[in-house]
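This briefing is for a reader new to the structure below.

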Amino acid sequence: MNYLVDRIAGVGAYALGVLRAAFELWMVFVGTIAGIWRLYGRRGATRPPGALVEQMHVIGNRSLLFIVVTVGFIGMVMIYQACLQFSRSVGDLSQIGVQFARLIVSDLGPTLTSMMLATRVGAGIAAEIGSMKVTEQVDALRMSGVLPIDYLLVPRFLASIVMTMVLSILGAAIMYGAGGLTAYLSFGVNPRVFYDLAMVEPRHLGLGLLKAFCYGAAIPIVSGFCGLRARGSSEGVGWATTAAVVGSSFAVIALDFMLSVGALWLFGGDV
Amino acid sequence: MIELQDVGVRFASRQVLDGVRLDVARGARLGIIGPAASGKSVLIKVIAGLVAPSSGRLIIDGTDVTGLTEERLAPVRARIGMLFQNYALYDFLTVEGNVGFPLVRRGEPADQVAQRVRDRLRAVGLAGSEHKLPSQLSGGMKKRVGIARATIAAPELVLYDEPTAGLDPVTTSKMYDLLRADHEQSGATAIAVSSDVAALIGFVDTVIFLYQGRAHYQGPAATVADAPDPVVRQFVRGALDGPLVG
């Protein structure tokens, strides 16, 4: 009986912990939005000098090679497999490029690029903020009258939104280009046939950009939240980094699902 | 200046502080001593507003600041300087950037900030170290940078969390000489937490002995080694035998 009571109490405590964490995550998001107003909406606010440009460089420029290489390979593998299956079953490869373009623009471009960014950028943000937390640097900021969210998260949040959108466009282009090259070199698909954007409509582009915007907002929020929850020493920073990668990757997938369902509901089957 | 009324702090199932009462007058120097894990650092963080008490009240200059939001605490903290146990120097800023940070955040002109940083670094014996990064400094130098940062904005209250932890005896003496000179000049209130009781009692007027989360004893620093309480006496003298638990 005692065992059962302990188990139920354990499950209850875990559920409460999850709820508390979800509430804290929400408060970090709300605090970040309020921080944007505090820093950029008021006259004479003291902003971290050069922080936004520096973070755009860290998140965008330093991720460039990683994104180009990974999404390039993903595009090549996907098109190779698609061509292989189509050549065995249907035999007609003329529609692959047209369909692939639409899929990349509305979904794969932003989602896969952001998944890659979630690992690199998410881990970086959590490790940086987490190590500041465990070495009391975050407390030192608070003692100087600085809100840690304003100083640490707001520049990363804005930079991540901008650079995720830019890298998603670039990633989609690389994926499409690499896929077309693979189709031509491995299966002889004419590039004029493959690189056909006839089925891409403005709503696909809008959905893709909306997804990139949401992913770009979610990655620093989840990662910053994990960093700010770091406790203890290096072990706590390790935990925060792992949680940030898992959490922000999960956020990308969950947002992809929700936005895709929303678009399906809005536009019918053609998204 | 500082008043703690029955302050308690609870982390999960552990009661770290329990009903702590404290009254620190303006200009006083208070030392907080006690065994490891007795809640000394937590108490100093409660006074700084960095840890919210689970019960009780924190009153600064007659104003109850318990449970204030971070934004509303900012003007209170502007009057407090703090030296952290692990230095807490911003590793992305130089020594100059670290020391001048509180002034830059208040929007003071860059030339004034630079001048005050130079003066402050000279006072703590670190002139010429302006462009070094924290990773290039020794433990004693980091502590001195921390002191310079904590005091550059001329705070009314300075909190020192283990100001000499990890330092050799000579550097410890130098550090306390520096703190003594600083406070004699500024007249600021000081609250220091330290495990090095012998060195601390030369700096503070009064000590409070935290034991099992409670303010077990409070009395003059000069006579703490002869305190009537046997637990305090054992702790200060470092005796192995006695009633001290843990």
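Between chain A and chain B, eight residue pairs are in polar contact, both residues at pLDDT 80 or more; a polar contact is a pair of N or O atoms within 3.5 Å, where within protein one must be able to donate a hydrogen and the other to accept it, and residues adjacent in sequence count only if both atoms are side-chain atoms. The model is predicted, so local features need pLDDT of at least 70 and side-chain atom pairs count only at pLDDT 80 or more, while totals for chains, interfaces and linings use all residues. Residues are numbered from 1 along each chain as its sequence is written, chains are lettered from A and ligands numbered from 1 in the order written, and side-chain values use heavy atoms, with hydrogens and water left out.

**Interface**
- Contact (heavy atoms within 4.5 Å) links 19 residues of chain A with 23 residues of chain B.
- The side of chain A that touches chain B has eight nonpolar, five polar and six charged residues.

**Salt bridges**
- The interface of chain A and chain B holds four salt bridges, each a side-chain nitrogen of Lys or Arg within 4 Å of a carboxyl oxygen of Asp or Glu.
- E136(A) and K45(B) form a salt bridge through their side chains, at 2.8 Å from N to O.

**Around one core residue**
- Beyond its neighbours within four places in sequence, L17(B) is in contact with residues including V7(B), V42(B), V46(B) and L210(B).
- L17(B) is among the residues with the most contacts inside the largest nonpolar core, which has 92 residues; such a core is a set of buried (under 20% relative accessible area, 1.4 Å probe, protein chains only) Ala, Val, Leu, Ile, Met, Phe, Trp, Tyr and Cys residues joined through side-chain atoms within 4.5 Å.

Technical notes: Ala, Val, Leu, Ile, Met, Phe, Trp, Tyr, Cys and Pro count as nonpolar, Asp, Glu, Lys and Arg as charged, and the others, Gly among them, as polar. Buried means under 20% relative accessible area, exposed over 50%, partly exposed in between (1.4 Å probe, protein chains only).
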